[in-house]
Every structure is written in C-alpha cells, then in structure tokens.
Amino acid sequence: MSAPGASGARQFWRRLRTQRAALVAAVVVALLVLVALAAPLLTAIEGQDPTTYHPSLVDSARGGVPIGSFGGVSADHWLGVEPQTGRDLFARLVYGARVSLGVALAATVVQVAIGVVVGVAAALGSRLVDQLLSRFTDVIVAMPLMIMALALLAIVPSSFPRPVLVALVIGLIGWGSIAKIVRAQTLTLKGLDYVAAARLSGWGTWRIARRELLPGIAAPVITYAALLVPVDITVEAALSFLGVGVKPPTPSWGQMLTAADVWYQAAPQYLLLPAGALFVTVLALTVLGDGVRTALDPRAASRLRVGTGRKREAKA
Amino acid sequence: MTGFLARRVLGAVITLLAISVIVYVVFYVTPGNVAQITCGPRCSPAQVQQVAGQLHLGDPLYARYWDFLQGLVAGQDYSTGTSVQHCSAPCLGLSYQSDQQVTALILAKLPVSLSLVFGAMVLWLILGVGTGVLSAWRRGRLTERLLTGITLAGVATPVFVIGLLLMIVVCGQLQLLPFPQYVAFTDDPEQWAWNLLLPWLSLALIEAAAFARLTRASMLETLAEDHIRTFRAYGVGERSVIGRHALRGALAPVIALNANNFGSAVGGAVLTETLFGLPGIGQELVHAVKVVDLPVVVGMVLVIGFFVVVANAVADLLYAVADRRVVLA
C-alpha cells in the first residue's frame with residue numbers, strides 16, 4: 001500500500017477512472033451533492049419552498065388528495081404536491097437531499113475521527129491502554145447501531161437541532177469497526193523499518209503518529225469511510241421513517257415515506273420519489289465505495305475480481 | 001475446547017455487563033430531570049417526587065446500578081403509593097407510563113420478534129448463500145452479471161422501502177395476500193406463516209444481498225486455493241468441487257457475517273414490525289422512545305444487546321467447529 005503523496009493521489013485517480021461503473025456512480029454522487037447545495041436556487045427557479053402549505057391544492061372533502069392529474073403536477077409544482085398539506089414535493093425532495101447527505105457525511109466524519117483516535121491510541125499506547133480501548137471498542141461494536149440510536153434519541157432534549165443531533169448520535173455509536181481497522185493497520189506499520197528508523201532518530205510518539213503512521217492508514221480509512229456513508233444514509237432515513245430522526249417541518253426522505261403508503265393510489269410519486277432518491281443515492285455511493293476500494297487496493301480487488309470495470313489497468 | 005468455551009462465555013458475560021453499565025449510565029445521567037422523564041410529561045410534581053423516591057435518585061449512581069443488578073438477579077419490590085408490587089427474578093424495572101413490569105412487557109412481545117427474525121434468517125441464509133454460490137459458479141457469464149446487479153440493488157434498498165413496495169403491490173394492487181396481522185404460532189401455525197410471509201421476505205431480501213456478496217467473494221477466494229486445484233486435477237466434478245469442497249472452506253466468513261449482521265437485522269426487524277404493524281419488541285421500543293418511557297427503553301436495549309452478544313458467542317463456537325485452527329489461536 002503506497003503512501004498517498006502527490007503521485008499516490010494521481011495513481012488513485014487513474015485507477016478509479018478505469019472503472020466505468022465507479023465513474024458513473026461518481027458523476028451521480030456529484031450531481032446529488034450539487035442538487036443538495038443548490039436546493040435554495042432550484043426551488044427559487046421553481047418559485048416554491050418546502051414548508052408553505054397550499055390547502056387550495058388538495059381536496060379536503062376526499063381526505064386531502066392532491067387536486068389535478070398525477071398528484072397535482074403543474075408548471076408551478078413540477079413534481080406535484082404532498083397530500084393533505086399541499087407542500088411542494090420538488091422542494092421537499094431537493095431539501096431532503098441536504099438532510100440525507102449532510103447528516104450522513106457529518107456522521108461519517110465523527111465516526112472516522114473517533115475511530116482513528118481510538119485505534120491509533122490503542123496501537124501506540126501501553127498494554128493496559130490497548131486492552132482497555134480494545135475491550136471498549138468490542139462493546140461498542142456489539143451494540144446494535146439502529147437500536148442504540150433509537151434509544152439515545154429518546155433522552156436528548158428536543159430543543160437541540162435535530163439533524164445535528166441525528167448525525168452526532170450515529171457518529172458516536174458507529175465508530176467501532178473503524179477503530180478496529182485502524183488499530184490493526186497501525187500495529188502492522190509500527191513494526192516496519194521506516195517507523196523504527198524514525199523512532200531511532202529521536203522522534204516523539206506524536207510526531208511519528210502524525211508524520212509516518214497517518215499517511216499509511218489513510219488508504220483503509222478512506223475505503224471504509226466511503227462504504228460507511230451509504231450505511232449512515234440508510235440509518236438516518238430509517239430513524240426519520242420511524243418518526244424519531246429528523247422531525248417535520250424539516251424534510252427528509254425517510255420521513256417523507258412515513259405516510260406514503262396511505263396515498264400510493266392517489267399520489268404514487270409521494271411514495272416513489274423519496275424511495276427512488278434513497279435507492280439511487282445509496283446505490284451510487286455503494287458502487288463508488290467499491291470503486292475506491294479497488295483503486296486503493298487493486299491486489300485484493302483483482303484477486304477477488306470485485307472490480308466492476310472490464311478494462312484492466314495496463315501498467316501499474 | 002472446554003477452555004475455549006469457558007473463555008468465550010466469560011467474555012460474553014463481561015461484554016453484557018459492560019453494555020449494561022454504559023446503557024445505565026447514559027440513560028440515567030441525562031441532561032434532563034430523570035424523574036420527570038421517567039414519570040412522563042403528564043405527571044404532577046407530587047408524582048414526580050414519588051418516582052424520584054422510588055428510583056432512589058438521592059443515592060449515588062453506582063448504588064442505583066447495584067440495585068438494578070440485584071433486581072435482575074433476585075427481583076425487587078416497588079411501592080406504587082398505596083400498594084407494593086413485587087417484580088420477580090429477571091426484573092428490569094417498572095414502566096411508569098403503563099404500570100407494567102418491563103420484563104412481562106418484553107416477554108409478551110418477544111414471540112413476535114423471534115418469529116420474524118428467525119424465520120427471516122432461514123430465508124436470507126438460503127437465498128444469500130445460494131445466490132453467492134451460483135454467481136461464483138457461473139463466473140463471467142450472464143447469470144453472474146444479473147445476480148451481481150440484483151444483489152447490488154438489494155444492498156442499496158432500505159428494508160422499509162422494499163417492505164412498503166411489497167405490501168403495496170402484493171396486498172394492495174394484486175390482493176394476493178391480506179395486509180399482515182400477527183397470529184400466534186400456537187393459535188394457528190398456517191395463518192402464522194401466511195401473515196409473516198411478507199415481513200420475512202422484506203427483511204430477508206435485504207440481508208440476503210449482503211450474504212450473496214460475501215459468499216461470492218469468499219467462494220472465489222477459496223476456489224483459487226491449491227487444494228481445490230488438486231481436487232480438479234484428480235478429476236473431481238465441478239459440481240462436487242463447488243458444492244462440497246469450496247463451499248465448506250467459504251462458509252466460515254459467512255458464519256461470522258451472520259453474527260455481525262444480527263445486530264443490523266434486529267434494527268431491520270424494528271422497521272419491519274413498525275411497517276407491517278406487528279406487535280413485537282421493535283414496535284414497543286419505538287413507542288417507548290416516542291413517549292420517553294425510560295425503564296422500557298433501557299430494558300429493551302439490554303434484552304436486544306443480550307441477543308446480539310449471544311449470537312456473537314454462538315457464531316464464534318460454530319466458527320471453531322468449522323475451522324479447528326481457531327481454537328488454538
């Protein structure tokens with residue numbers, strides 16, 4: 001595994017580029033991020049916002065079914081309106097992208113930060129420190145993420161901003177496997193000659209960790225982090241679907257699906273749009289994660305033939 | 001083997017104790033007023049005072065945790081103002097919002113959740129391992145491409161999305177099945193199975209995708225090993241090489257994944273129960289979280305943690321049986 005300097009990064013991009021599926025996935029992810037960032041702009045072009053009620057657009061006599069064909073699709077409301085409230089679906093969908101991607105990214109950053117600190121500390125610390133941190137990590141790994149997140153969300157005061165809270169909760173519980181990977185990788189690197197050389201020339205533990213070990217653990221950490229993002233998206237969506245994650249009026253894809261089954265006949269897009277958005281996002285991120293893994297560890301990938309690209313790299 | 005067994009069981013017990021300490025500390029050192037939260041939003045100040053007395057909130061935390069452990073092992077008495085309620089052996093406390101004992105509440109809901117998870121597990125192991133073996137066998141052909149695409153889609157679909165779609169298509173549009181309603185196995189085994197069919201499928205399809213990917217990778221790795229080449233060189237048929245020799249070598253990581261995934265499958269079960277309205281512990285947990293019934297939440301988390309830890313221990317044992325080298329390590 002090469003330390004990613006300038007040449008390492010270039011090599012990484014070249015290997016990622018040869019995989020067609022990963023490339024397509026990267027473009028899709030880039031588009032999704034763009035949509036999330038440009039949500040206010042996009043809704044401004046449409047002339048709508050995600051929270052305004054439009055009671056005149058739903059038929060209150062029929063329980064709030066959107067008026068008009070295809071669930072109220074019109075020039076003003078590109079994807080129709082939400083049943084009962086009449087809120088604009090396009091606006092809720094693009095603002096939902098902000099919540100889904102933002103929460104998942106923030107949660108992953110927290111997971112990686114804690115995991116790297118705990119993993120490196122366990123590998124470099126004394127025997128006792130290692131034992132304590134490793135056992136603690138084992139316990140964290142044994143606690144089911146969804147269940148703990150669900151339970152923790154019960155006790156935090158509701159005044160706390162909800163998306164931040166969900167990201168923190170997922171991050172604080174889900175760092176166990178990263179810590180294990182980082183510890184194992186650091187232990188391997190610690191035994192290598194160049195680290196021993198650094199120690200012999202009188203470098204302190206902190207400087208060795210920062211200058212010699214961190215670049216070496218970057219590859220597995222990036223690989224694992226890339227695969228964690230889609231998992232975190234699913235967890236956020238699940239929590240919001242259960243009604244304990246992101247609370248209305250903030251739109252989130254999971255939360256939009258909570259009531260969607262009642263309306264599938266009158267307004268099928270109310271179900272299909274958030275479901276499709278979740279599917280495409282998680283799929284693209286998973287394929288991209290696989291691609292990143294192949295690009296960072298081509299030996300393992302070609303041994304297992306996990307790579308989805310058909311063109312093999314000509315020269316390493 | 002006996003030493004390994006003893007070590008593993010001891011490890012599981014310690015992990016459980018550690019989980020209980022973390023859960024207890026996190027939930028009873030909350031920023032809010034614990035007595036108020038436990039009692040519920042509609043309690044009068046006098047009732048809150050009484051709950052604070054019952055929970056011994058004046059005592060230091062370790063003393064309360066010790067009481068809690070004693071309750072688990074030996075039972076406990078709770079005074080609810082006028083009468084005294086005895087909570088017997090594995091006592092997880094009282095729900096202050098429904099006046100029920102948490103242990104009884106969980107025991108009443110447990111059969112539903114166990115039916116769901118174990119039924120689905122049978123399905124996802126068969127589907128996942130079967131798909132993985134098939135795509136390793138047909139490597140490079142159209143079958144493998146199709147299966148790889150399908151499993152990738154399965155990995156990317158949240159369990160509640162596939163559940164929603166299945167329910168709408170099968171029960172709503174095609175009307176092949178009625179909307180699921182839980183029937184106890186002891187009442188009517190046939191109805192039990194029919195009503196659980198869709199929840200089983202929703203949970204199993206998603207989990208099976210992960211297993212298919214792992215089984216395929218593990219099979220391909222095993223197929224590249226020398227002893228497989230030796231079998232082939234001796235003229236052992238491809239069917240036997242794949243189905244007997246390679247599969248055996250590839251199964252160990254699958255067993256490990258099954259244990260690791262048990263936790264996430266329990267999370268999936270919570271979603272499935274909520275979606276299909278099955279009265280299991282997942283649905284109860286979501287309810288308890290929404291009304292902030294702390295003793296119920298803590299009890300549920302501990303019981304689920306118990307199952308996950310036991311699943312991990314069992315997997316380690318199976319792993320050791322499948323691969324004798326593990327015992328020596």
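## A helical stretch of chain B

Let's start with residues 192–212 of chain B: this stretch is 100% helix and 0% strand, and its end C-alpha atoms are 28 Å apart. Helices (H or I, at least four residues) and strands (E, at least two) are DSSP runs, numbered from the N terminus.

This is a predicted model, in which local features need pLDDT of at least 70 and side-chain atom pairs count only at pLDDT 80 or more, while totals for chains, interfaces and linings use all residues. Residues are numbered from 1 along each chain as its sequence is written, and chains are lettered from A and ligands numbered from 1 in the order in which they are written.

## What the record says

An unreviewed UniProt entry lists residues 192–212 of chain B as "transmembrane region", and also residues 146–172, among others. Residues 146–172 of chain B are 93% helix and 0% strand, with end C-alpha atoms 29 Å apart. UniProt positions use the numbering given here, feature names are shortened, and annotations may be inferred rather than shown by experiment.

## Where the chains meet

Two residues are in contact if their C-beta atoms, placed from the backbone, lie within 7 Å.

## A residue to look at

Find A149(A) in the structure: not counting residues up to four places away in sequence, A149(A) touches V169(A), I170(A), I173(A), V235(A) and L239(A).
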